[in-house]
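Open the structure in your viewer and keep the selection tool ready. This tour goes stop by stop.

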Amino acid sequence: MASVHESLYFNPMMTNGVVHANVFGIKDWVTPYKIAVLVLLNEMGRTGEGAVSLMERRRLNQLLLPLLQGPDITLSKLYKLIEESCPQLANSVQIRIKLMAEGELKDMEQFFDDLSDSFSGTEPEVHKTSVVGLFLRHMILAYSKLSFSQVFKLYTALQQYFQNGEKKSVEDADMELTSREEGERKMEKEELDVSIREEEVSCSGPLSQKQAEFFLSQQASLLKNDETKALTPASLQKELNNLLKFNPDFAEAQAELALQEAIRIAQESNDHVCLQHCLSWLYVLGQKRSDSYVLLEHSVKKAVHFGLPYLASLGIQSLVQQRAFAGKTANKLMDALKDSDLLHWKHSLSELIDISIAQKTAIWRLYGRSTMALQQAQMLLSMNSLEAVNAGVQQNNTESFAVALCHLAELHAEQGCFAAASEVLKHLKERFPPNSQHAQLWMLCDQKIQFDRAMNDGKYHLADSLVTGITALNSIEGVYRKAIVLQAQNQMSEAHKLLQKLLIHCQKIRNTEMVISVLLSVAELYWRSSSPTIALPVLLQALALSKEYRLQYLASETVLNLAFAQLILGIPEQALSLLHMAIEPILADGAVLDKGRAMFLVAKCQVASAAAYDPPKKAEALEAAIENLNEAKNYFAKVDCKEQIRDVVYFQARLYHTLGKTQERNRCAMLFRQLHQELPSHGVPLINHL
């Protein structure tokens, strides 16, 4: 059967396995499924009005349109659909197909000869211009164009189609004879197998031009009104590939061919508005080109000139996104988005308002301004209700809304508000079920939050098990987090190899944010391996990139690492001055864990600087360091970071011992012992660990 699909498949417009669509003006070709539909139509015509009730005939008429327009289905599925509408007719159709498939080739030829009688007489059974009449005429014409060898292949395929249907019916009957428990298990397995087979048929079988047009219009409607009910991008691409395999000249399904045709027609008609739409799509298809921004700028100017606010706004937002990754200042980007917002409110473009707010949320997070990002995400929530627009269509089941909610969940998790993050994720799961369009956004968000919590808690085996799920959703993020786990488990050489490969890949695809994160991890590997001098050039490279692209938060994090490297090299005074430059953005917009790390480092630098002080001043410096350590411990406790708390109390116990505070020292020592027994030790001096 597969060879038939891949070769001629009863299409008279095929030569050497290549479809030549509409050579004879025919938009359909004959398949075993369509023969079964023809048998159904023939039986409906032969059945008298009294034999079928009015309700049954109404159900059959409702069934016909999806059967004629939809893709081919299995014979068992077709029987089931007919039986649900009219059991008597289903039995007649089954008998007719059985006689034809188990008979001879001439039986199929006679069947097609008899179809022409449907149009004969003064009162024909079918009108030539009706939906059914057009389908019958297309099938008769397509069959008449087949050569003898093609007719023989068609009949062989019909026999195989019938045998597969009979085999399924026998399997269903056998299952009814088994025990209930065993039968239920087998039924579940069989239903799964059938659904897989039917999906394979829909993806590998032929689609006529009419079926293709129906499929595309259906998907376009779903994408416009309710994205959650449309096919996923991967499934849609698979269906489009199958569609183009049997209809290579169907321009509506290749984007570039369709665009070329649209440009040609627009130029012939001197339609500037249509040409502007084409220009916008030309940018979308050529985004990976280095000069695509020139095309986009031209598109925005033209859209404004021709009074097309929707296209102008989309163009502005695309420019903003492009320039954000190029390192433009936040004030210029927000000014541009303000201009697009004016268009949204003036023309009531509610969909683009949501996109703009989600874009602002992402930009503020990119630049490390979590407070502003939180404000934008909450603004989007406050603007939209949860009520349905109309029956079956849920408001704001869009990507922009999912993105904003994911940012909200991550921002709460960063501040240690895990209960609030869980509530946001719960809502995301309800609004975007696992098999829906944008479910992978919250899936990745959920996995990342779980990973961070496992790492904070010292449960590296659990974090490692989450890496697989993260990699499936985002390969770059998954590889990066795998390296973090290896590093935490003291597998330095493996972590270094993975980070180097990831660094090369991210530099190639210009993922600057990840490049900086990888450089920071590489530097950490060096100073954990007692090579702080090698880490310095890496950190300076990360700092230069973060400054160039105005990634303020990553720049502050890099400065923290530079300060720690200076502390290890024995120059704590310079490290402390560096910290004063970086700590304000960290405390204002940083994650709770980073706030704790910053305060811990400040305390270490204070202690190291106090070594040369006289006793009174030294005691004062150590007291200040203990206060900073308490603050760091409170931050770590918010995210349940036991490993860092262990390091803090160890350091506090040493300081209390120096100050002669025995009771406080013993309390910290006891807490350290409890945590040290609970957590694994990694062989890194606790006094030096950031």
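## First stop: α29 and α30

Select the residues where these two helices touch. On the α29 side, pick V592, L593, K595, G596, R597, M599, F600, V602, A603, Q606 and V607; their partners in α30 are L622, A624, A625, N628, L629, E631, A632, Y635, F636 and K638. By class, this contact holds 14 nonpolar, three polar and four charged residues.

Keep in mind that you are looking at a predicted model.

α29 covers residues 592-609, and α30 covers residues 615-638. Their axes lie 8 Å apart, at an angle of about 160°. Angles over 145 degrees count as roughly antiparallel, so α29 and α30 are roughly antiparallel to each other. Their crossing is left-handed.

## Second stop: α21 and α22

Go to residues 439-456 for helix α21 and residues 460-473 for helix α22. Which way do α21 and α22 run relative to each other, roughly parallel or roughly antiparallel? The packing angle is about 160°, and the axes are 9 Å apart. The pair is therefore roughly antiparallel. Look at the crossing as well: α21 passes α22 in a left-handed one.

Next, select the contact itself. From α21, take Q440, M443, L444, Q447, K448, Q450, F451, A454 and M455. Colour them by class: twelve are nonpolar, four are polar and one is charged.

Select S85, in helix α4, which spans residues 75-85. Is S85 buried or exposed? Its relative accessibility is 7%. Buried means under 20%, so S85 counts as buried.

Which residues does S85 contact, beyond its neighbours within four places in sequence? Select E56, R59, L60 and L63 to see them.

## Last stop: the whole chain

Clear the selection and zoom out. The protein chain has 32 helices and two strands. Of its 690 residues, 46% are buried.

Finally, turn to contacts along the sequence. Take those between residues at least 6 apart in sequence: 63% of them join residues at least 24 apart.

Conventions:
Residues are numbered from 1 along each chain as its sequence is written. This is a predicted model: local features need pLDDT of at least 70, side-chain atom pairs count only at pLDDT 80 or more; totals for chains, interfaces and linings use all residues. Side-chain values use heavy atoms; hydrogens and water are left out. Axes are lines fitted to C-alpha atoms, for helices over the stretch in contact, and angles run from 0 to 180 degrees between N-to-C directions. Helices (H or I, at least four residues) and strands (E, at least two) are DSSP runs, numbered from the N terminus. Angles under 35 degrees count as roughly parallel, over 145 as roughly antiparallel, 65 to 115 as roughly perpendicular and the rest as oblique. A crossing is left-handed if the near helix is turned anticlockwise from the far one by less than a right angle, and right-handed if clockwise. Contact means heavy atoms within 4.5 Å. Ala, Val, Leu, Ile, Met, Phe, Trp, Tyr, Cys and Pro count as nonpolar, Asp, Glu, Lys and Arg as charged, and the others, Gly among them, as polar. Buried means under 20% relative accessible area, exposed over 50%, partly exposed in between (1.4 Å probe, protein chains only).
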